[in-house]
Amino acid sequence: MKLKIWRQKNEEDKGRMVDYDISDVSPDMSFLEMLDVLNQDLIDKGEEPVAFDHDCREGICGTCSLYINGRAHGPQRKITACQLHMRSFKDGDTIYIEPWRAKSFPVVKDLIVDRSSFDRIQQAGGFISVNTSGNTQDANAIPIEKENADNAFDAATCIGCGACVAACKNSSAMLFVGAKVSQFSLLPQGRVEATDRVLNMVKQMDEEGFGNCTNTGACEIECPKGISLEYIARMNREYLSASLKG
Ligand code: SF4
Ligand code: FES
């Protein structure tokens, strides 16, 4: 196979695509295992290995942020790059591999981007404040409507990977923030701070330089967890009512 990989020394470096040939790729290898093989070859030749982010390698942590042949997380829907297998490609294919491209996700090195902007949005309100004095009611003792519990759970499956931002022509983070706002606001424990949460998280999102949503829907298509655009609409309703209260 032929690989065309984005190489960039640091944030200031202009970066460029570099060509690599790779053989002996098993169809059962994951995409990251294929990159491991390439890196071992590069190390054996005394060259700098390609820097890429990964941790769990099973679709949970959201760190494997790769743009593969112009698609966030590659050609298959509802999986992360680490869950992509080489059987999705043909012998002799050329594969383009790039980092997420968004102003709010600066490239650290090669394929690694800095997504601490997401952390700061979470810190602005993506939590609940719980009294831990020992008298706290068991969360499981609070009845919650099945539909709300299911929707909150679906929103909570967002792994913060940033594919929604990378896929969006405006680099909007609305799908991520919509999921994070909704996972709390649908539950009684999260309602207490719902007003401040949505105002603070949206404010932080804007300060981080993410663009606006223009309802293109690329985020939903490329999201590995299938987070629905409905969560953006839910956040907009929350935001409007919080603004009127505020
Ligand atoms: S909404 Fe989807 S694409 Fe966006 S950060 Fe969450 S899991 Fe990733
Ligand atoms: S390495 Fe954790 S989701 Fe891919």
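With which residue does arginine 115 form a salt bridge? The partner is aspartate 53, and the closest N and O atoms of the two are 3.8 Å apart. A salt bridge here is a side-chain nitrogen of Lys or Arg within 4 Å of a carboxyl oxygen of Asp or Glu.

The model is predicted: local features need pLDDT of at least 70, side-chain atom pairs count only at pLDDT 80 or more, and totals for chains, interfaces and linings use all residues. Residues are numbered from 1 along each chain as its sequence is written, chains are lettered from A and ligands numbered from 1 in the order in which they are written, and side-chain values use heavy atoms, with hydrogens and water left out.

The domain assignment, which is automatic or taken from a database, gives domain 1 (2-109) and domain 2 (115-129 + 143-245). Their C-alpha centres lie 28 Å apart. Contact (heavy atoms within 4.5 Å) joins 21 residues of domain 1 to 22 residues of domain 2. Between them the domains bury about 1600 Å², 51% of it on carbon and sulfur atoms; this is the accessible area (1.4 Å probe) that two parts lose on being put together, summed over both. Two salt bridges are counted between domain 1 and domain 2.

The count of salt bridges comes to 13. One of them pairs lysine 109 with glutamate 48, with the closest N and O atoms 2.6 Å apart. This pair links distant parts of the chain, 61 residues apart: lysine 109 is in strand β6 (residues 107-109), and glutamate 48 is in the loop between α1 (31-44) and β3 (66-68). Helices (H or I, at least four residues) and strands (E, at least two) are DSSP runs, numbered from the N terminus.

Lys109 and Glu48 also belong to the lining of the second largest pocket, among them Arg7, Asp13 and Tyr20. A pocket is an open set of points on a 1 Å grid over the protein atoms alone, where a 1.4 Å probe fits, with protein on both sides within 12 Å along at least five of seven lines; lining residues have an atom within 4 Å of a point. Strand β2 (residues 16-21) gives the largest share of this lining, three residues.
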